Amino acid sequence: MDKLLIRGGRQLAGTVTISGAKNAALPELCAALLTDEPVTLQNVPRLQDVSTMLKLIQNMGATAERCSDVPSSVILNAGPLSSPEAPYELVKTMRASVLALGPLLARFGQARVSLPGGCAIGSRPVDQHIKGMQAMGAQIVVEHGYMIATVPSTGAGRGRLKGCHITTDMVTVTGTENFLMAATLAEGETILENAAEEPEIFDLAEMLIKMGSKIEGHGSRRIRIEGVERLHGCTHQVVADRIEAGTFLCAVAAAGGDVVLQHGRAEHLDAVIEKLREAGAVITAGQGFIRVEASGRLKAQSFRTTEYPGFPTDMQAQFMALNAISLGASTVTETIFENRFMHVNEMVRLGAKIQVDGKIAVIEGVEKLSGAVVMATDLRASASLVIAGLVAEGETLVDRIYHLDRGYDQMETKLRAIGADIERLKA
């Protein structure tokens, strides 16, 4: 497995271009399954999860390939799709596979989707997805590790989902996305209550509207969808990745320096930026950019993760790395995933002082960290260890960075371009 070797102690300066959001690209790739016409997605990040999703779509009989002249663009055509199935072999490392369920049911009236895999950061049950699809008229059984779903036919041709009210027991991002896509081709009106408000959901809805969907209220807790008979192709640009942007903000805040994030969307990172400013970083933003300036040790900040627009769980580990070398003590309360403190033991190996009690981590900032061999345990944990390595004395070797490759487009290349001493060691 590849590793990252980091020699810490360098300040960062220059410009980083933020890639398209993984958490928008994956559902939008699935949205292309809703039509038999070509769909072009631009600004698609080069990530392992994206490659897996492209293989999954191709395995169904559709075409999905990157443009040779514009590698960040992908052209998909689900017209020839012949097998509405997402097999375990392709999706065992990617929880986003469940996003194929709604589009396949909506367009074909049937789907066979493996229960998803992905990072081991806690329980992310699919029962909300199943309940919502059943409310829309689907019949679903779970057996042999698969969700097998059909829509009963009432006459000639495929069965069609029925619009309804769906109120989830919890705020679920992938659930909202699945229901949103399924409802676009359902018969009648669907109302999603307690919907997630993430920018990636808003971006997905904007793409679906370009395809001919009738959607109102996206970006709020209540979304209304009026089903249509069919959707058509479109060209859509994937929104910039707010978590990648937030990760680079924390990296500069920890290591010090002056960096501009091109395509960064400050309005998608209000909670993180507020904490960074309180810590002492200087952050300015405008149309399509965020600039971060920092020097010396910042002030530790306590925070609690919660659903958007609150502090994102996907930024918890990265900000903890900053707190680990900041002035003072802080607490971090994780309310979303029960196993999202797995990076703590590895940070302690670097000299951080962190104690965990259930959902709360208490961090006592230290003046310096010391390089060591550490192991990534999940996607965002790997990013936090990279940040810690940037400020640690000596060399830090981060193992199992395949986690990092699932969610960051050429992170070491971007860091090296702004002054980090970092290299990938091939297996």
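F303 and F311 are both buried. They belong to a predicted model, and every value below is computed from that model. A pair of aromatic rings is described by the distance of the centres and the angle of the planes. For F303 and F311, the ring centres lie 4.0 Å apart and the planes meet at 25°. Planes under 30 degrees apart count as stacked, so this pair is stacked.

F303 has another partner. The ring centres of F303 and F319 are 5.3 Å apart, with the planes at 70°. An angle over 60 degrees counts as edge-to-face, so F303 and F319 are an edge-to-face pair. This pair links distant parts of the chain. F303 sits in strand β18, residues 303-304. F319 sits in helix α10, residues 316-324.

Together, F303, F311 and F319 form one aromatic cluster. Three aromatic pairs are counted in the model.

Stay with this stretch of chain for a moment. The loop between β18 and α10 holds P309. A cis peptide bond joins P309 to Y308, with omega at about 15°. Most peptide bonds are trans, and most residues other than glycine have a negative phi.

Two residues have a positive phi without being glycine. One is H263, with phi near 70°. H263 lies in the loop between β15 (257-262) and α9 (270-279). Its relative accessibility is 43%, so H263 counts as partly exposed. The other is Q410, where phi is about 55°. Q410 is in the loop between α13 (402-405) and α14 (411-417). At 36% relative accessibility, Q410 is also classed as partly exposed.

Now turn to I401. Is it buried or exposed? I401 has 0% relative accessibility, so it is buried. Its place is the loop between β23 (395-399) and α13. What does I401 touch, apart from its neighbours within four places in sequence? The contacts of I401 are D2, K3, L4 and R424. Along the chain, I401 and S295 are 106 residues apart.

Next comes a pair of helices. Helix α5 covers residues 127-135, and helix α6 covers residues 173-183. Their axes come within 9 Å of each other and cross at roughly 25°. Angles under 35 degrees count as roughly parallel, so α5 and α6 are roughly parallel to each other. Their crossing is right-handed. Which residues meet here? From α5 come Q128, H129, G132 and M133. From α6 come T174, G175, N178, F179 and A182.

One more ring deserves a look, this time with a charge. The charged end of R112 sits over the ring of Y146. The distance from that charged end to the ring centre is 3.8 Å.

How values were computed. Residues are numbered from 1 along each chain as its sequence is written. This is a predicted model: local features need pLDDT of at least 70, side-chain atom pairs count only at pLDDT 80 or more; totals for chains, interfaces and linings use all residues. Side-chain values use heavy atoms; hydrogens and water are left out. Rings of Phe, Tyr and Trp (its six-membered ring) pair if their centres lie within 6.5 Å; planes under 30 degrees apart count as stacked, over 60 as edge-to-face and the rest as tilted. Buried means under 20% relative accessible area, exposed over 50%, partly exposed in between (1.4 Å probe, protein chains only). Helices (H or I, at least four residues) and strands (E, at least two) are DSSP runs, numbered from the N terminus. A charge sits over a ring if NZ of Lys or CZ of Arg is within 6 Å of the ring centre and within 35 degrees of the ring normal. Axes are lines fitted to C-alpha atoms, for helices over the stretch in contact, and angles run from 0 to 180 degrees between N-to-C directions. Angles under 35 degrees count as roughly parallel, over 145 as roughly antiparallel, 65 to 115 as roughly perpendicular and the rest as oblique. A crossing is left-handed if the near helix is turned anticlockwise from the far one by less than a right angle, and right-handed if clockwise. Contact means heavy atoms within 4.5 Å.
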